[in-house]
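Please examine the sequence and the three-dimensional structure shown below before reading the report.

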Amino acid sequence: MRVLHLLKTSIGASWGLRQMGELVKIGVDVHVALPPGPMVVKYKKAGVTTHECGTALSVRRPHDNLAIFRRIRRLVREVNPDIIHSHFVANTIAMRLALGKDHPAKRIFHVPGPLHLEHCFFRNMEILSAGSNDFWLASCEWTRQRYIRSGIDPSRLGLVYYGVELSEPPVGRVGRLRQEFGVDPNAPVIGNVAYFYAPKRYLGQKVGLKGHEDLIAAVELAGRHIPGLTCFLVGGPWDGSDHYFERIRLLAERITHARIILTGYRADVHDIYQDFDVAVHPSHSENIGGAVESLLHEIPTIATNVGGFPDLIHPGVTGWLVPPKAPQALANSIQEALERPNEATRRAKAGRRLVEDLLDVRENARELVMYYKNLLATGSLTPKGWKS
């Protein structure tokens, strides 16, 4: 079985590398098309046949799209895949436009996040571009249900999480961030790990997608009741969002009841998670996001009730779930998690067990191969009577 994967980036999206590496181990002949960049060598090392070329629809440079379409058609002829597996909206639309609705290859859009589905225009544009050989794999339950509500036949739809490599949770606090930034070892510390995405005006966004503004407001509120509260915002600006990053820095400097530290990009995330007493994920739109990492590290976790977060954060069981864009509710949960450390630890350990059940990348890859085989044998992702 030969599968051609389409990615729009070779900088991030490490979930794609993990997934494809496991597919190679199972015996799938995996090809990936992605732009030149630092991830290319890692795909090659994992045994994936790489094609260094961009296959994503260009909005900023629409005159480039005809060349992109020709590139996709040439690539498909050369690879001759049994299945084309795309992972981003821009790759998916470009592939469908390049090949047309009646191309014989089976095509799967594995949806990495729900953002385009939350906006009627972009949701309809994506769905209407599909032909009879197009299928969808959600990577969280919200996405799967959104496609069903949009009229997609369940036989053309499945769910496979982008899994993680499981390892033993770290033991003990490293203290790297606290020492580096002069934070008292006993101070209550919360943290968020995310890139800074500038608001997209064409989506009606006035603040960042990751909810940094909400978290800053919540820290100010919680700091009135929690002496010495410190919040680390870990991550750098994404794709030219430096102006937005600086705007958040200035906003953080204005608070008076707590301390907020922007660390910039860090390559040692797995170590510095252990500095957090609580991890907070205040996103406005998300798949399962950073909740996976914080729970893998058994860090008590608070997240917003959006997208795929509820797949992992079960209130009272694995963490705290709050409404999006609600700083007071977020502040209340921060205060509760810090004031009830034993309960917070219990939920974090339960969250770790849930991640192990749902997101073992080896099992996720086996599920994906099952979908591939069903599609090639029956012409549907989920044959009648088969539960996804």
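## Basis of the description

This is a predicted model, in which local features need pLDDT of at least 70 and side-chain atom pairs count only at pLDDT 80 or more, while totals for chains, interfaces and linings use all residues. Residues are numbered from 1 along each chain as its sequence is written, and side-chain values use heavy atoms, with hydrogens and water left out.

Seven strands form an open sheet with parallel pairing, in the order 3-2-1-4-5-6-7. Strand 3 (49-52) and strand 7 (157-159) are at the edges with a single partner strand each, so one side of each has no neighbour in the sheet. Neighbouring strands of this sheet are turned against each other by 20° on average, direction ignored. Helices (H or I, at least four residues) and strands (E, at least two) are DSSP runs numbered from the N terminus, and two strands pair if DSSP finds at least two bridges between them.

Strand 4 (residues 83-86) and strand 5 (residues 106-110) pair in the parallel sense over four bridges. Within this pairing, Ile83 has Lys106 of strand 5 as its bridge partner. Helix 1 (residues 14-26) lies across strand 1 (2-6), strand 2 (29-34), strand 4 and strand 5, and runs at about 155° to strand 2. Axes are lines fitted to C-alpha atoms, for helices over the stretch in contact (heavy atoms within 4.5 Å), and angles run from 0 to 180 degrees between N-to-C directions.

Strand 12 (residues 301-304) pairs with strand 13 in the parallel sense over three bridges, and Thr304 has Val322 of strand 13 as its bridge partner.

## An aromatic pair

The whole structure contains nine aromatic pairs (rings of Phe, Tyr and Trp, the last by its six-membered ring, with centres within 6.5 Å; planes under 30 degrees apart count as stacked, over 60 as edge-to-face and the rest as tilted). The ring centres of Phe196 and Phe245 are 4.9 Å apart and the planes stand at 85°, so this pair is edge-to-face. Phe196 lies in the loop between strand 8 (189-193) and helix 8 (212-223), and Phe245 in helix 9 (residues 242-253), so the pair ties together parts 49 residues apart in sequence.

## The cavity

One cavity of 30 Å³ or more is counted. On a 1 Å grid over the protein atoms alone, a cavity is a set of points where a 1.4 Å probe fits but cannot get out, and lining residues have an atom within 4 Å of a point. The residues lining the largest cavity include Asp214, Thr304, Val322 and Lys325.

Methods:
1 Å grid on protein atoms, 1.4 Å probe; cavity = no way out; pocket = protein on both sides within 12 Å on 5 of 7 lines; lining within 4 Å. Points joined across faces, edges and corners; volume = space filled by probe spheres on them.
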